[in-house]
Amino acid sequence: MIINRLLRKNMSPARIAGFVLSNFIGLAIVVAGLQFFQDVKSIYSDDDGFIKKDYLVVNKKVTSANTVEGKAAAFSAEEISDLERQPWVRKVGRFSSVDYRVTASVQTGGRGMSTYMFFESIPSEFIDVAGSQWGYRPGSGEVPIIISKDYLTLYNFGFASSAGLPQLSESFMGGVPLRLHVASEDGIRSADFSGRVVGFSNRLNTILVPQEFMEWSNERFGSSSVKDASRLIVDVSSPGDVAIGSYIEEHGLEVAGDKRSSQASFLLNVITGIILAVGVVITVLSFFILMLSLTVLMEKNREKIHTLLQLGYPLRRVGAPYRALIAWSCAGAYLLALAVVYGFRLSYLHQLEGLGGGHGNLWLAPAAGLGLTAVIVVLNSLAVGRRVERAWRISR
Amino acid sequence: MNRIDRIESIRLEGMLPKVFENESIPNSEVWRSDVVFRRGERWLVEAASGGGKSSLCAYMFGSRTDYLGRLYFNDVDVSGIPVAEWQRLRRCHIAYLPQELALFPELTALENIRLKASLAGDVQEERIAGWLKELGIDSRADYPVGRMSIGQQQRVAIIRSICQPFDFIVLDEPVSHLDEENNRIAARMVMREADRQGAGIITTSVGNRLLLDSLKTIKL
C-alpha cells in the first residue's frame, strides 16, 4: 500500500527495536516475578498437610492472673459464640483434652524411655489426613497420633543430644510403636494402647488423637467433669484479613503458627514487590520510549499526514500504520517475554517441585503482562489519534 | 447540523482574514462583502500577491479557520462542520488544488494520482491515462514527481484534483508555470469534468489565469 509506505517513512528501526527491547525486559521481569511468586507461594502456604492454611489455632494469652488464681485461660460459651458471629469465621472447632492420665513409653536401641503425656483432639472435619489413617474404632488397640514437629525438634536437638540419646527421624518415629498406658485419676481403670505416629505438624502445638478415641476414652477413664475448651480451631474465609488480626489483638488471644514460614512468606512478598516495581518501572519507561518515538516519527511525517488528510483520507486510515506499528511491536515484546519466562520457569520448576512448590496459577502472570501491554497499546493508539487530528488543520 | 448531500452554493458573509483586521482593504469585492458562488458557475478570484487568496482557498477547504465573518456551504456554517464530515466532503463534494501542489515527491506521477483516485472507489485507469496523454506527461507517468519540472508537477496535480466526485473545484494558481498551450488543455479538461458533474469552478490568479470560458471575475 502506497499510503503505508508514505507514512512509515522516517521510521527508525533502531528506535523501535529500543522500545521492543525495553518493553520486553520490563514485561519479562513482571511476568517472571509474578509467576515465580505464584510457584513459590505454595511452598509456604501449604506448609502443613494436616490442617489447611485457612485454619487458625487460637488460644488465650496466659497471664500471671491465671497462674496465681489457678484458673485456666479457657474460652467461655459466650466468647465462642461471639467468635462464631464474626463475618470472617466459617466454623469454629473446640480442642477437647483428656480427663485421665497417659504415660507413653518407647523402646529405642535397647533403652526404654517413658514420659507423662496428654492428648487433645479436634473435630475430624478440620483434619486433612487420608481417611484410612485417621479415625478410631471403639475397642481397637491402635490409636493414630499427630505430634507437633516442635516436640521432635525439642527432643532431637535439645534433650537427645544432652542426655546422650539417639536422634529420631520422622520416618523412624512413624515406624516405632508407642506404648500408651491410660489410667483413670483414681488408678482403678486402666488400659494399654499402641500409638502410631501418622505425622508431624508445624501448626498444631499438641499431641492429637482422633475425636472418636477422645470421646470413647474419656467416657471410660475420665472423671466426667466438663472442662471449657482452652484452645479453638477456626476456619476463616480469608487468612490475610486485617479484621482477624485486630479481633485477636482486642480479645487478648494468640494464634499458633509457624513463625519461620510466615517470616519467609513475608520476605517473599517484599522481594516480589520490589521485583515487580522494577519491572513496572522499566515497562513504564518503555512506554515513554514508544511515545517519544511515535512523536518524532509523526512530527517528521506531519506534512505527509496533513496532505493525506487534505486528499480526504479518513483520520482512522491515516493513523492505521502507526497503530499497526504499536500493536506489532507490543505483541512482539509480549510474546518474547512469555517465551523467556516459560524457559525460566522450566529451569527452576524441577528444584521447586522438590521443595513442594511449583503449582502456582499459570494464568495470572501472563494476564498481568497482557494487561500492561494493553495499557501501552491503548494509550499510545489514543495519542496517535490526537496527533493525526492535530495535523489536520495546518501543515506547520 | 444538516448533512450536506450536495454543495449548491458557497457563501461568504463579511469574511476577512484575522491578520487584516486592523487594515483597510480598498477595492476588495470579497473581503468584508457578501459573495455567493453557485454550483455550475465559473469564477476567477483575481488578486495581488499577499491579498489572501490562498487563505480564502484554505478557508473553503476547512484547512484554516483564522477568519472573521461567516462562510456557508448551502445554509451550513462551515465552522460547525466536524472533522470526519470535512473528510467526507473532501472525498465527495469539494476538490482542491493547493498552490503548493501538495504532491508526494518520492511517489511517481501515477502513484500520486492513484492515491487520490483510489479514495473515490474504483480507480478509473483509462481516464487517468487519457488525461496524462492529453497534458503530454504520459511518458513521465512512472517518474518520481520530485524529479519533474514545476510545470509538469502542476499538470500532475491538476489531474489528481479532478479524479474525484465534486460539486465545487477550487484551483489555487493552477497554471502559474504552464505555457498557453498547456493552459488551454488544462482549462478544457477541468471544464469538461466540471460540466460532466455539474460542478462550480473557483480559480485564483495573480497573473497567469486558467483560460476558462464564460468566466466571472471578482477582485480580492
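Helices (H or I, at least four residues) and strands (E, at least two) are DSSP runs, numbered from the N terminus. The model is predicted, with local features needing pLDDT of at least 70 and side-chain atom pairs counting only at pLDDT 80 or more, while totals for chains, interfaces and linings use all residues. Residues are numbered from 1 along each chain as its sequence is written, and chains are lettered from A and ligands numbered from 1 in the order in which they are written.

Reader: Leaving aside neighbours within four places in sequence, which residues is B:L215 in contact with?

Author: Contact requires that the C-beta atoms of two residues, placed from the backbone, lie within 7 Å. With neighbours within four places in sequence left aside, the contacts of B:L215 are B:R42 and B:L44.

Reader: Which element gives the most to the side of chain B that touches chain A?

Author: The contact draws 16 residues from chain A and 13 residues from chain B. On the chain B side, the elements giving two or more residues are α2 (83-92) and α3 (109-117). The largest contribution there, 4 residues, comes from α2(B).

Reader: Which residues of α2(B) are buried?

Author: The cover over the buried residues of α2(B) includes β6 (94-97) of chain B together with α10 (302-311) and α11 (315-354) of chain A. The buried residues themselves are B:W86, B:Q87, B:L89, B:R90 and B:R91.

Definitions and conventions:
A residue is buried if 20 or more other C-beta atoms lie within 10 Å of its own, exposed if 12 or fewer, and partly exposed in between; C-beta atoms are placed from the backbone.
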